[in-house]
Amino acid sequence: NKDALLFLFDSEQQPYLQGLNDCIEQKQGWRHRQLRWKHKDGSERWLESNAEPYFNEQQELIGFRGSERDITESLYNEKIKNEFMSVVSHELRTPLTSIQGALGLLQKNEQVSEDGKVLLTLAKRNSNRLVNLINDLLDIQKFQFKKLSFPLR
């Protein structure tokens, strides 16, 4: 249907038609397809689409049955969350590295009392926990963006 193309950006029309034709030929639908659509005000919107082609008894295409939902806000929130995690992780890592270095130097200082050494050991252990937490956050982010690989043995 050419009316559907009115809601697509020019760059999206050909891939959309090709995908539609492929589904008709294969007599298969799609699940969780993300489509970039043009809102009536001209802004970009993202839809998640699920549909199946519907054929009559002569196997002629009658239309499609399915649903679409606007996921624009969800995608935006995910992007903001990922950017926030990245900035926070990197901004925390730099000062924490300096703190760990200072704690290590203080632990080697012979003038520190036994009580002070206990506190320094506790502080060093807690800073190591924070570093591990930050590294885990960064690994999760890399995994989400498929930039983290696990070596198989």
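## Exercises on a predicted model

At 1.5 Å a residue, the 37 residues of helix α3 (residues 72-108) should span 54 Å, and the C-alpha atoms at its ends are 54 Å apart, which agrees. The expected span is 1.5 Å times one less than the number of residues in the helix, and helices (H or I, at least four residues) and strands (E, at least two) are DSSP runs numbered from the N terminus.

This is a predicted model, in which local features need pLDDT of at least 70 and side-chain atom pairs count only at pLDDT 80 or more, while totals for chains, interfaces and linings use all residues. Residues are numbered from 1 along each chain as its sequence is written, and side-chain values use heavy atoms, with hydrogens and water left out.

**Exercise 1.** Find the buried residues of α3 and some of the elements that cover them.

*Solution.* Begin with the term: buried means under 20% relative accessible area, exposed means over 50%, and partly exposed lies in between (1.4 Å probe, protein chains only). The buried residues of α3 are then Thr72, Asn82, Met85, Ser89, Leu96, Gln100, Leu103 and Gly104. Next, look for contacts, that is, heavy atoms within 4.5 Å; the cover of these buried residues includes β2 (44-55), β3 (61-70) and α4 (114-144).

**Exercise 2.** Search the whole structure for aromatic pairs, and describe the pair of Phe7 with Trp37 and the pair of Trp30 with Phe64.

*Solution.* Rings of Phe, Tyr and Trp (its six-membered ring) pair if their centres lie within 6.5 Å; planes under 30 degrees apart count as stacked, over 60 as edge-to-face and the rest as tilted. The search finds three aromatic pairs. Phe7 and Trp37 form a tilted one, with 6.2 Å from centre to centre and 45° between the planes. Because Phe7 lies in the loop between α1 (2-5) and α2 (10-26), and Trp37 in strand β1 (residues 30-38), this pair ties together parts that are 30 residues apart in sequence. Phe7 is partly exposed at 44% relative accessibility, whereas Trp37 is buried at 10%.

The ring centres of Trp30 and Phe64 are 5.5 Å apart and their planes stand at 40°, so this pair is tilted. It links distant parts of the chain, with Trp30 in strand β1 and Phe64 in strand β3, 34 residues apart. Trp30 is buried at 10% relative accessibility, while Phe64 is partly exposed at 31%.

**Exercise 3.** Locate His32 and Gln59, and give the phi of each.

*Solution.* Most residues other than glycine have a negative phi, and most peptide bonds are trans. His32, which is not a glycine, has a positive phi of about 55°; His32 lies in strand β1 and is exposed, with a relative accessible area of 54%. Gln59 also has a positive phi, near 65°; Gln59 lies in the loop between β2 and β3 and counts as partly exposed at 46% relative accessibility.
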